[in-house]
Amino acid sequence: MSAPSRTLIDVSAPATSRTSLVRRARKTDRVLAQTYPDARCELDFDDPFQLLVVTVLSAQTTDKRVNAVRPTLFAAYPDAAAMAAADRETLEGIVGPLGFFRAKTESLLKLSAALMADHGGQVPGRLEDLVKLPGVGRKTANVVLGNAFGVPGITVDTHFGRLARRLGWTEQTDPVKVEHEVGALFEKRDWTMLSHHLIWHGRRRCHAQKPACGACPVARWCPSYGEGPTDPEVAAKLVKTEGRA
Ligand code: SF4
């Protein structure tokens, strides 16, 4: 891929109109979709319960590690009823490789107990119900809604927030405000895939420390072009071909 030698956005110009911002944001998303045709939730799951659990477990660890413990975890506890009745030490042993095993075990026991008490052991398909579950915030709820229920949701994790700001789509730092401002730029039906595209781009090219600007397919629409190396050869070395290690 040839990187542009300069950004086409005049960042010193007055704020662009809303229409051009919308057009630029949607064009950027379309190019990211072409760049990452396999973009999806990088956590493995078979049903909403599994996705809810693995998303909770993915805090402060990698998707790869969570995917590695998943078969053992769900072979032992295939549903909320089984997990709510789990022997604490056995569960701690299974989630041990993820770190913070006591806290994670406690979260899973409380979460499963709440699913049993309030939802008949099923994962609810509404945001307002999901965020009332222990240990489930808006980010986790939107992951579950978007990927297990097909309800459009924007997942503002660290990558999404950073990229939305770099791309000039928002100046907000509060995740809920980012969610609403960015959501307003796109059709609702595109929210879930938009989240995957930005997160994949953040994991592979637009890194927090050294974004690979010289190897970035959306550089021409990015006011932050130049925040990382623009030399194509230098930038190419920064590109990761896989997701989180
Ligand atoms: S890699 Fe550089 S040009 Fe591309 S989106 Fe990130 S900051 Fe912008």
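Helices (H or I, at least four residues) and strands (E, at least two) are DSSP runs, numbered from the N terminus. With that in hand, the protein chain reads α-α-α-α-α-α-α-α-α-α-α-α from the N terminus on, which comes to 12 helices and 0 strands. Keep in mind that this is a predicted model, where local features need pLDDT of at least 70, side-chain atom pairs count only at pLDDT 80 or more, and totals for chains, interfaces and linings use all residues. Residues are numbered from 1 along each chain as its sequence is written.

The C-alpha trace of the protein chain spans about 60 × 35 × 25 Å along its principal axes. Buried residues (20 or more other C-beta atoms within 10 Å of their own, C-beta atoms being placed from the backbone) make up 38% of the 245 residues.

Now for the inside. A nonpolar core is a set of buried Ala, Val, Leu, Ile, Met, Phe, Trp, Tyr and Cys residues joined through C-beta atoms within 7 Å. The largest one has 31 residues, of which A164, C216 and C222 touch the most other members.

| Helix | Residues |
|---|---|
| α1 | 18-35 |
| α9 | 158-166 |
| α10 | 175-183 |
| α11 | 191-204 |
| α12 | 232-238 |

The largest share, 5 residues, comes from α11. Apart from this core lies another, of 30 residues, including F45, F49, L57 and A148.

Key: A residue is buried if 20 or more other C-beta atoms lie within 10 Å of its own, exposed if 12 or fewer, and partly exposed in between; C-beta atoms are placed from the backbone.
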